[in-house]
Amino acid sequence: MQRRAKKAAIDRTAPKQARGVAMTPRDELNNRLIFRLFQTANLYQSSTPRELDVSAVQGVLLGALYRDVDRGMSFSDLCGYLAVSRQNLDAVLKRLEGIGLVERIESEADRRVKIVRLTRGGVAAWLDLHARSLEFFRKITATLSAAEVEACADALAKIGRALKASRKA
């Protein structure tokens, strides 16, 4: 029994090839990229409340609704646009409704459809948040050139499309 435990401990520290996982240099690079993406997303999500006094999801949601202040967006379209579940979006919306930044109204075209839009207070909150966000984004991308930022944004968009496609397959 002790021998098996020792063997298991040895196997966990063995090189990847010895455990049956042969990784190419591209596999190593892909692994590093996805880990950095995960790590950066977590750092961003933990930094935004401290830097901007709002969660990342709340900020993105306000920004999405500001795209069409007058009409807002349907709940379903908002879920798709933000790539979040209905349950998660509902929880965030309830918080923002509670502080008077968003409202849900019936669609004039179809009473079953709920439209989410910014209130006047929500518009003011977004304008303030947007100005502070720009400064925050400038600070965290200061060491990158515009070309690097564009290449990164393009690469992340491609990864996002591939992730969406992999869900459908």
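The largest pocket holds about 1,500 Å³ of space. A pocket here is an open set of points on a 1 Å grid over the protein atoms alone, where a 1.4 Å probe fits, with protein on both sides within 12 Å along at least five of seven lines; lining residues have an atom within 4 Å of a point. Its volume is the space filled by probe spheres set on the points, which are joined across faces, edges and corners.

This is a predicted model, so local features need pLDDT of at least 70 and side-chain atom pairs count only at pLDDT 80 or more, while totals for chains, interfaces and linings use all residues. Residues are numbered from 1 along each chain as its sequence is written, and side-chain values use heavy atoms, with hydrogens and water left out.

Around the largest pocket sit 32 lining residues, with Leu37, Thr40, Ala41, Tyr44 and Leu156 nearest its centre. Two or more residues each come from α2 (25-52), α3 (56-66), α4 (75-82), α6 (120-140) and α7 (146-168); helices are DSSP runs of H or I, at least four residues, numbered from the N terminus. By class, 24 of the lining residues are nonpolar, six polar and two charged (Ala, Val, Leu, Ile, Met, Phe, Trp, Tyr, Cys and Pro are nonpolar, Asp, Glu, Lys and Arg charged, the others, Gly among them, polar).

The second largest pocket comes in at about 160 Å³. Its lining has 14 residues, and Tyr44, Gly59, Trp126, Ser133 and Phe137 lie nearest the centre. Helix α6 supplies the largest share, six residues.
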